[in-house]
Amino acid sequence: MVKLSGGCLCGSIRYTILQQPILAYTCNCRFCQKDTGTAYRSALAILNENVELIGKDFSVYTYKSVEHGRELYKNFCPDCGTTISLKTERFPERQVIMIGTLDDPSQIELSTHMFAEEAFDWVEFPKDHVVYPRHRINDDGTTASPIE
Ligand SMILES: [Zn+2]
Ligand SMILES: [Zn+2]
């Protein structure tokens, strides 16, 4: 694979991705809208052991979801505030890296979208992409069905 690397705006935190990410996706849920301050999160799901961090330690903000009661951990640069990644209580073995922080985001192909139910009215999904009404993994661990 092509080597993926990235970092925050000011350069205090850098990272290298060592193995192919599990998935590239957007999430249109209210949490991701609020957290990113924009329409949706675009992110790579990746196993923790495949992310190598260089530089300063993250500042971490812990958010307890009112919807499902689980915690989410937002990792951001203490100097410039850029959100680099997010970890979750639900999937402790993996994290999501924000695609916008890559040095070359054009290396990423993305065709999966989640939480279409909560997407802004003006967000459109390409016809050949896979779009889920909510999360792609149900609360009971089964795989959700995409929208036809
Ligand atoms: Zn920074
Ligand atoms: Zn979300």
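Student: In which strand does leucine 4 have its place?
Tutor: The model is predicted, so local features need pLDDT of at least 70 and side-chain atom pairs count only at pLDDT 80 or more, while totals for chains, interfaces and linings use all residues; side-chain values use heavy atoms, without hydrogens and water. Residues are numbered from 1 along each chain as its sequence is written, with chains lettered from A and ligands numbered from 1 in the order in which they are written. Strands (DSSP runs of E, at least two residues) and helices (H or I, at least four) are numbered from the N terminus. Leucine 4 falls within residues 4–7, which form strand 1.

Student: Is leucine 4 buried or exposed?
Tutor: A residue is buried under 20% relative accessible area, exposed over 50%, and partly exposed in between, with a 1.4 Å probe and protein chains only. Leucine 4 has a relative accessibility of 4%, and therefore it counts as buried.

Student: Which residues does leucine 4 contact, leaving aside its neighbours within four places in sequence?
Tutor: Contact requires heavy atoms within 4.5 Å. With those neighbours set aside, the partners of leucine 4 are Tyr15, Thr16, Ile17, Pro21, Leu44, Leu102, Gln107 and Ile108.

Student: What is the value of phi near which phenylalanine 115 lies?
Tutor: Phenylalanine 115 has its place in the loop between strand 10 (112–114) and strand 11 (130–131), and it is buried because its relative accessible area is 10%. Most residues other than glycine have a negative phi. Phenylalanine 115 is not glycine, yet its phi is positive, near 55°.

Student: How far apart in space are threonine 112 and alanine 45?
Tutor: Threonine 112 is part of strand 10 and is in contact with residues including Leu23, Tyr25 and Val130. In sequence, threonine 112 and alanine 45 are 67 residues apart. From C-alpha to C-alpha, their separation is 12 Å.

Student: What is the relative accessible area of isoleucine 84?
Tutor: Isoleucine 84 belongs to strand 8 (residues 83–88). Among its contacts beyond four places in sequence are Ile13, Tyr15, Phe58, Val96 and Met98. Isoleucine 84 is buried, and its relative accessible area is 0%.

Student: What pattern does the chain follow along the sequence?
Tutor: The chain contains one helix and eleven strands. Read along the sequence, they give the pattern β-β-β-α-β-β-β-β-β-β-β-β.

Student: What is the radius of gyration of the chain?
Tutor: The radius of gyration is taken over C-alpha atoms, and the globule rule is 2.2 Å times the number of residues to the power 0.38. For 148 residues, a compact globule would have a value near 15 Å, and the chain agrees with this. The radius of gyration of the chain is 15 Å.
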